[in-house]
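Hi,

Here is the structure I said I would pass on. Have a look at it first, and then read my notes below.

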Amino acid sequence: MSFGQHGSAFMDGTSAYTAPVGKVVIAITFLEDTVFSALTPEATRDCFGLAANSGVGVGNEVVAATTVFPKGLTIYGRWTTLTTDAAGSNGGVILYLGPAK
């Protein structure tokens, strides 16, 4: 499967994004430096997020609400909802969707 086969979304603001029923966000590409105020994994221990008990493996840490994800980076995981902390004037994020578990 290629990115975009299950849909994508663009977000450039502080409103919460919730994946459609039956889908999750599987990748996020940053078009500007971005900080999240919410980043919720599909299920506990699926992938990293801003909540306790998120992430797999030993020594994984919760992402701090001050962590800056730089412009040009793409991260991969399984998230159901996310909110950025501030609206960007020339950027945003591209969200790639995939099937939920």
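A contact here means heavy atoms within 4.5 Å. Among contacts in the chain between residues at least 6 apart in sequence, 78% join residues at least 24 apart. Keep in mind that this is a predicted model.

On the overall layout: there are six strands and zero helices, so to speak a plain β-β-β-β-β-β run from the N terminus on. The chain has 101 residues, and 37% of them are buried. Its accessible surface is about 5400 Å², with 55% belonging to carbon and sulfur atoms.

Now the inside. The largest nonpolar core holds 18 residues, and Tyr17, Val25, Ile28, Leu82 and Leu95 touch the most other members. Strands E1 (8–11), E3 (23–30), E4 (36–41), E5 (74–84) and E6 (93–99) each supply at least two residues of this core. The rings of Phe30 and Phe36 have centres 5.9 Å apart and planes at 70 degrees, so they pair edge-to-face. Phe30 is buried at 1% relative accessibility, and Phe36 is buried at 2%. Phe48 and Trp79 also pair edge-to-face, because their planes sit at 70 degrees, with centres 5.5 Å apart. That pair links distant parts of the chain: Phe48 is in the loop between E4 and E5, while Trp79 is in strand E5, 31 residues apart. Is each of these two buried or partly exposed? Trp79 is buried, with a relative accessible area of 0%, whereas Phe48 is partly exposed at 22%. Ring pairs link Phe30, Phe36, Phe48, Phe69 and Trp79 into a cluster.

Cheers

Methods. Residues are numbered from 1 along each chain as its sequence is written. This is a predicted model: local features need pLDDT of at least 70, side-chain atom pairs count only at pLDDT 80 or more; totals for chains, interfaces and linings use all residues. Side-chain values use heavy atoms; hydrogens and water are left out. Helices (H or I, at least four residues) and strands (E, at least two) are DSSP runs, numbered from the N terminus. Buried means under 20% relative accessible area, exposed over 50%, partly exposed in between (1.4 Å probe, protein chains only). Accessible areas come from the Shrake-Rupley method with a 1.4 Å probe; for residues, only the protein chains shown count as cover. A nonpolar core is a set of buried Ala, Val, Leu, Ile, Met, Phe, Trp, Tyr and Cys residues joined through side-chain atoms within 4.5 Å. Rings of Phe, Tyr and Trp (its six-membered ring) pair if their centres lie within 6.5 Å; planes under 30 degrees apart count as stacked, over 60 as edge-to-face and the rest as tilted.
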